[in-house]
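I am opening a notebook on a structure that is new to me. The entries record what I looked up, item by item.

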Amino acid sequence: MIEGTSGVLLVRNRRKNGSYDWSTPGGVVDPGEEVVEALTREVEEETGLRVPQWTGPIYRVDVEAPVLDWHLTVEVFRAPEPDGSIHIDDPDGIVVEARWFAADACEDPLDGNHPWVTEPLVAYLAERWAEPPRFRYLVERGDGGELDVVTLGR
């Protein structure tokens, strides 16, 4: 999560199915990379911003999806005042826009995103914990065959 005097930076992502959503910048840790090293690289690739220092993690997220045969673990770090100016040049072609939002206005653009993206970030911005909590989610198949996300807690 990048937070500066202009608020919290969110990026708008174009998904494979043509839909769009907002999230914090970030991405996947490549083999041989450390988490913070990967985060620094992803943020610069997606936004053009350079992050000289990270704090955290400020919270963690675990998502189990046995019906899809995957597990997601996310560690979220905070970067105050990055260097540079926003320039979108995502080599993966996913990030199409970046915008600053006031901390108390992040919930609206995140609406409709996965709960494991929205709930922890909105809670952090409201509560600012001293110790990083772990948010846990389970993706399972509902009665009608659709996927349901169950919040297991923190």
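The entries below go from ground rules to pocket, salt bridges, surface patch and backbone.

**Entry 1, ground rules.** This is a predicted model, in which local features need pLDDT of at least 70, side-chain atom pairs count only at pLDDT 80 or more, and totals for chains, interfaces and linings use all residues. Residues are numbered from 1 along each chain as its sequence is written, and side-chain values use heavy atoms, with hydrogens and water left out.

I started with empty space. Rolling a probe the size of a water molecule over the atoms shows where such space is left. A pocket here is an open set of points on a 1 Å grid over the protein atoms alone, where a 1.4 Å probe fits, with protein on both sides within 12 Å along at least five of seven lines. The largest pocket holds about 1,400 Å³ of space; a volume is the space filled by probe spheres set on the points, which are joined across faces, edges and corners.

I then looked up the lining, meaning residues with an atom within 4 Å of a point. The largest pocket has 46 lining residues, and Arg 15, Gly 27, Leu 72, Val 74 and Val 117 lie nearest its centre. Which elements supply at least two residues each of this lining? They are strand 3 (20–23), helix 1 (35–47), strand 4, strand 5, helix 3 (115–127) and strand 8 (147–153). Helices (H or I, at least four residues) and strands (E, at least two) are DSSP runs, numbered from the N terminus. Strand 5 gives the most to the lining, with 8 residues.

By class, I noted 23 nonpolar, 12 polar and 11 charged residues in the lining. Ala, Val, Leu, Ile, Met, Phe, Trp, Tyr, Cys and Pro count as nonpolar, Asp, Glu, Lys and Arg as charged, and the others, Gly among them, as polar.

Side chains of opposite charge can pair when their charged atoms come close. I count a salt bridge when a side-chain nitrogen of Lys or Arg is within 4 Å of a carboxyl oxygen of Asp or Glu. The structure holds 12 of them.

Asp 30 pairs with Arg 41, and their closest N and O atoms are 3.3 Å apart. Asp 30 sits in the loop between strand 3 and helix 1 and Arg 41 in helix 1, so the pair ties together parts 11 residues apart in sequence. Asp 30 is partly exposed at 37%, and Arg 41 is partly exposed at 21%.

Arg 41 also forms a salt bridge with Glu 45 (3.4 Å, N to O). Both residues lie in helix 1, 4 residues apart, about one turn of the helix. Glu 45 is partly exposed, with a relative accessible area of 25%.

Asp 62 and Arg 134 make another salt bridge (2.5 Å, N to O). Asp 62 lies in strand 4 and Arg 134 in strand 7 (residues 134–141), so this pair ties together parts 72 residues apart in sequence. Is Asp 62 buried or exposed? Asp 62 is buried, at 13%, while Arg 134 is partly exposed, at 37%. Shared partners join Asp 30, Glu 33, Arg 41, Glu 42 and Glu 45 into one network of salt bridges.

Val 67, Leu 68, Trp 70 and Leu 147 make a nonpolar surface patch of about 310 Å². Patch residues have over 30% relative accessible area and no salt bridge; like charges are joined within 9 Å, and nonpolar side chains (Val, Leu, Ile, Met, Phe, Trp, Tyr) within 5 Å. Accessible areas come from the Shrake-Rupley method with a 1.4 Å probe, and for residues only the protein chains shown count as cover. Leu 68 lies in the loop between strand 4 (55–65) and strand 5 (70–80), and is partly exposed at 37%.

Asp 69 has a positive phi, near 60°, and is not a glycine. Asp 69 is in the loop between strand 4 and strand 5, and is exposed at 72%. Glu 81, also not a glycine, has a positive phi of about 50°. Glu 81 is found in the loop between strand 5 and strand 6 (95–101). Gly 56 and Pro 57 are joined by a cis peptide bond, with omega about 20°; Pro 57 is in strand 4.

Notes
Buried means under 20% relative accessible area, exposed over 50%, partly exposed in between (1.4 Å probe, protein chains only).
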